[in-house]
Each structure stands twice: as structure tokens, then as C-alpha cells.
2 protein chains.
Amino acid sequence: MATRQYGARCVSQRGVKAEAMSIDPRSHTPVYVQLADLLRDQIESGELPPGARIGSEARLSQEYGIGRDAVRMAISVLRSEGLVTSSRGHPTQVRPRPERRLVEVPSGCTISTRMPNSNERRQMDMDEGVPVLEVRYPDGKKQTFPGDEVELISP
Amino acid sequence: MATRQYGARCVSQRGVKAEAMSIDPRSHTPVYVQLADLLRDQIESGELPPGARIGSEARLSQEYGIGRDAVRMAISVLRSEGLVTSSRGHPTQVRPRPERRLVEVPSGCTISTRMPNSNERRQMDMDEGVPVLEVRYPDGKKQTFPGDEVELISP
DNA sequence: TTATATTTGTCCGTATGTATG
DNA sequence: CCATACATACGGACAAATATA
């Protein structure tokens, strides 16, 4: 009798906006991942432009018929991808992307990327969800750049 | 009288493992950040090697005398940094890092990094918290590489 | 193979702090 | 001062997926 145990909940969703229906609690994909995917699409398509508010947690929770935990985790995912910023007292907003400046790398460098830890983020004044570019020069020295402010160009 | 308002709680921590004492609920640093920092240190030092289980949420909650919420948030931070993997039914483990292969980029390319969306992650079979490297060639074509598998080298 | 235990996912409730309007 | 909104933090409960005996 494990089947259709969410049936009643689905029926109770009448009155919820059409877009809310695209979240399926029976899916194998966690609800919070589904909401993150939805919001990410709206951000990347420009439907939610930089600076726009994505809606309060309570509103999203009600609109999509999911719990507060799921909404918070979805927002946490988007923050960890650098797509939104949220802080105490502020509505969660689509993060404006800074212009990238060009940095020329010399010959024979290796270039890699990774996520910074919280110390590095503080030191470089970076938002959550922004990777770093790491350039290792032929002499062994390393240099680290914020990934949303820098674009490298090969010689 | 805001001082020592958690005094009683400290006394009540007798019986908790010594390492647990390194989490201070009175600190301005959130508890979940402190736990994330602790676990990150253990991962980066090799004390928790790739593939190792970091301990269940319930266990960490009990061991450090903090709530499950804080534990989950700490794990979420580490996941977004590409340090651990977790999913339903599986114990949370330290993410194994694959060997990086060298890819030579031609002259005049621009190289940038960003977080992939979930579609890209699925297509490239990438874990959460792993950025991508994006190479734009002089002819305008783009190529995207998983950031933990590829290291670029300038010509 | 089946059954049980473990672990993470999700929901809910409550409370306090911080920041904005 | 008050209302709103998010951040942090605790607690309980159950579901779903996997691990293990």
C-alpha cells in the first residue's frame, strides 16, 4: 500500500498556480532540487532578471505546495551556484553578475578551477557559489582569481 | 547581562567528546559554519580520506551537541564546495577526486569558470559543488569541461 | 532472498536575532 | 514601535532509499 500515498495531496493542490504543478512530490528527484531547477530556469531565461526578488520563503512554500525546508534548501542550492544572494533582513534577489576583466596568461601555465573555502571567500570578498580560477606559472607560483570577475586569455 | 548567557549549556556538555568542545554556541560564527570548518579541516588534512563516511546526521548531532538542522546545513556547505556527496539512503562520504587530465588550449582563447546547471551536471555526470571550465575559441565556438577532471595548459 | 536497521529527505512547530521599511 | 523577511537553531515525526545482517 505504498502506492499513491500522495494522491490526496495532489488533489488538494487545486487552486495552486499552473507552474507549481511542475513540482512532483512523487518524483525520485528531491523536491528542493526540483524547485531549484525551476527557479534556475527563470533566472537563466531572464524571466527573473538580476536584482529581481524571487519571492519570500513563505510565498514560495505556499505557491508550490511544498514545505519551508524544501524552499530554504532550494535557495541554498541557488546561492551555492552564485545565482542569488540572500542575507538577514533582505529579500532574496537574483545576483547581479559583474563584468569580467581580461587577464592574459603567459605560455606554459596550467589553469584549473575549484570552489573556494569560506576563508578564501572572505579574503577575496566573494559571494557564495562563485568558483575560483587558479593559474600555476612555469616557475611553480600560483595565482588565484575570482571566477566571476576574471576571464583568462591564452597567449 | 548578555554575558555568559550560555554558561549552563557549557557545563551540561560534560560527557561530550573533547573534539566537540571546539564548537562554541556563544560564538558569533554560526554553529553550522563551525562544524563545516571542522569537517573541512579533517577532509583537507586527510584525516577523513576520499570515500570515508563523515558520520550520520544523527551521530554528528549527538557528538557535537547541536541540532540536526545545523548538521544538515554544514553538510550542505561542504557539498556545495565539492567536498562530500550525499543522497537519500546513502551515508554522506568524502568525495573522491578524479585525476585531472591536461588539455592544451590554442592561442587566443578566452577561459572562464562558472557553476553548471543541473542539466549540465547530469549530462557530464558531475557532482554538486564542481565548477566547469569554459573555453571560447577564436572562431566563437565554446567547449565546456568538468572542472575536477580537466586542467588547461596555455600554449 | 527477505527482513531489519540505517540514513537522508521532507514536513511541521517554536523561538530568537538581525535588518529593512 | 511595528510588520515583514531572512538566518540560525532547537525539537519531533514520518517517508523513501539504501545498507546490512
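In the hairpin that strand 5 and strand 6 of chain B make, five residues sit between the strands, and G140(B) there takes a positive phi near 100°. This is a predicted model, where local features need pLDDT of at least 70 and side-chain atom pairs count only at pLDDT 80 or more, while totals for chains, interfaces and linings use all residues. Residues are numbered from 1 along each chain as its sequence is written, chains are lettered from A in the order in which they are written, and side-chain values use heavy atoms, leaving out hydrogens and water.

**The hairpin in chain B**
- Strand 5 (residues 132-136) and strand 6 (residues 142-146) of chain B pair in the antiparallel sense over five bridges; strands are DSSP runs of E, at least two residues, numbered from the N terminus, and helices are runs of H or I, at least four residues.
- Two strands count as paired if DSSP finds at least two bridges between them.
- R136(B) stands opposite K142(B) of strand 6 of chain B.

**How chain A meets chain B**
- The contact (heavy atoms within 4.5 Å) draws 36 residues from chain A and 37 residues from chain B.
- Together the two chains bury about 2700 Å², 51% of it on carbon and sulfur atoms; buried area is the accessible area (1.4 Å probe) that two parts lose on being put together, summed over both.
- On the chain A side, I111(A), T113(A) and S154(A) lose the most area to chain B, together 20% of what that side buries.
- There are 17 residue pairs in polar contact between the chains, both residues at pLDDT 80 or more; that term means N or O atoms within 3.5 Å, where within protein one must be able to donate a hydrogen and the other to accept it, and residues adjacent in sequence count only if both atoms are side-chain atoms.
- Strand 4 of chain A gives the largest share of that chain's touching side, five residues.
- Strand 4 of chain A also runs antiparallel to strand 7 (residues 150-153) of chain B, joined by two bridges, and T110(A) has I153(B) as its bridge partner.

**Salt bridges**
- One salt bridge lies between chain A and chain B: R121(B) meets E81(A) at 3.5 Å, N to O.
- Inside chain A, E57(A) and R72(A) form one with the closest N and O atoms 2.8 Å apart.
- That pair links distant parts of the chain, 15 residues apart, with E57(A) in helix 3 (residues 57-64) and R72(A) in helix 4 of chain A.

- The same surface serves both copies, as 97% of the contact residues of chain A recur in chain B.

Note on methods
A salt bridge is a side-chain nitrogen of Lys or Arg within 4 Å of a carboxyl oxygen of Asp or Glu.
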